[in-house]
Amino acid sequence: MKKFVLKLTCQDQRGIVGAVGQCIATLGGCITESGQFVDPTTSRLFMRVCFQCETDMSHEALDLQLDPIARRYGMQMETFDLAEKPRVLIMVSQLGHCLNDLLYRNSIDQLPLKLVGVVSNHTVYRSRVEHESIPFHHMPITPENKARQERIFLELLDTLQVDLVVLARYMQVLSDDLCRRLPGKVINIHHSFLPSFKGAKPYHQAYERGVKLIGATAHYVTADLDEGPIIEQDIRRIDHGTSPDEMVAIGRDTECQVLAKAVKTHVEHRILLNENRTVIF
């Protein structure tokens with residue numbers, strides 16, 4: 001039994017849902033899950049459909065069969081074979097809580113992905129990563145070598161056929177050029193409930209403002225720092241007695257959970273981009 005996910009977006013028009021369903025039925029498919037959303041401000045339709053086929057249809061053959069519908073309605077369409085796990089690469093610096101959480105979840109098959117490597121600008125977590133039999137790539141960054149290292153990094157992504165890059169507290173700013181080359185393919189965890197307290201030391205900024213809620217935000221990376229489409233957020237309540245160090249500790253637990261949920265949502269093909277926002281089924 002082959003299982004697929006279809007994601008599409010186009011201007012809302014009468015008959016789209018029926019046409020998609022009829023096409024899947026013609027292919028011998030059975031829809032197991034379906035979600036639709038129409039943006040009321042733009043009249044743009046977003047749709048995600050899960051279906052299964054008894055025939056051994058290839059991913060390419062499916063795309064060919066769906067192409068006439070896509071052209072008829074002006075759709076942007078993607079299909080995914082659920083037997084093919086997305087290939088994921090993690091980047092980390094010297095804070096390992098999110099990395100450790102993802103490694104553990106990966107070890108118990110909690111995330112439907114294939115972890116193909118970890119890149120770091122430090123060697124702190126080399127032994128931890130290699131203990132999981134995952135390739136570790138040390139790529140130190142300096143102002144002088146950053147452009148060269150990014151070229152090497154792009155070559156590594158091509159070699160490993162990476163589908164998604166996860167910044168698990170990777171404390172280097174990706175260049176604008178690199179961000180533009182990887183649209184919708186890089187997820188970052190920011191230790192703040194964006195759009196508040198961007199940049200460095202957000203928990204200390206929050207402490208100075210006397211906030212009563214702190215949080216974490218997972219978002220897609222764009223050339224605009226900390227401005228990419230938000231995927232997942234969560235918060236924790238604090239009070240006047242919570243110190244900055246305690247806020248950091250509370251925040252780290254939140255960061256792990258938010259990043260893991262964002263990664264899982266992405267690799268299950270549940271996210272569609274709506275300009276600088278996300279539609280999540």
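View 1. Just after H3, Asp-109 adopts a positive phi of about 55°. Helices here are DSSP runs of H or I with at least four residues, strands are E runs of at least two, and both are numbered from the N terminus. Please keep in mind that this is a predicted model, in which local features need pLDDT of at least 70 and side-chain atom pairs count only at pLDDT 80 or more, while totals for chains, interfaces and linings use all residues. Residues are numbered from 1 along each chain as its sequence is written, and side-chain values use heavy atoms, with hydrogens and water left out.

**View 2. Helix H3 is mostly covered.** Of the eleven residues in H3 (residues 97-107), eight are buried, where buried means under 20% relative accessible area with a 1.4 Å probe, protein chains only. Leu-99, Leu-102 and Leu-103 are among them, and so are the charged-type names Asp-101 and Arg-105. The cover over these buried residues includes strands S5 (87-92), S6 (114-120), S8 (164-167) and S9 (186-190), together with helices H4 (126-131) and H8 (244-267).

**View 3. Domain 1 meets domain 2.** The protein is divided into domain 1 (2-81) and domain 2 (87-280), with bounds from an automatic or database domain assignment. Twelve residues from domain 1 and nine from domain 2 take part in the contact, meaning heavy atoms within 4.5 Å. Between them the domains bury about 860 Å², 56% of it on carbon and sulfur atoms; this buried area is the accessible area (1.4 Å probe) lost by the two parts on being put together, summed over both. Lys-7, Phe-46 and Arg-48 supply 53% of the area that domain 1 buries against domain 2, more than any other three residues.

**View 4. Arg-277 pairs with Asp-39.** These two residues form a salt bridge, their closest N and O atoms being 2.9 Å apart. The rule, a side-chain nitrogen of Lys or Arg within 4 Å of a carboxyl oxygen of Asp or Glu, finds two salt bridges across the interface of domain 1 and domain 2. On the side of domain 1 that touches domain 2, strands S1 (2-11), S2 (29-39) and S3 (44-53) each give two or more residues, and S1 brings the largest share, four residues.

**View 5. His-269 sits in a loop.** His-269 lies between H8 and strand S12 (271-274) and is buried, with a relative accessible area of 9%. Not counting residues up to four places away in sequence, His-269 touches Val-5, Lys-7, Arg-48, Phe-80, Leu-82 and Pro-86.

How values were computed:
Buried < 20%, exposed > 50% of the residue type's maximum accessible area, 1.4 Å probe, protein only.
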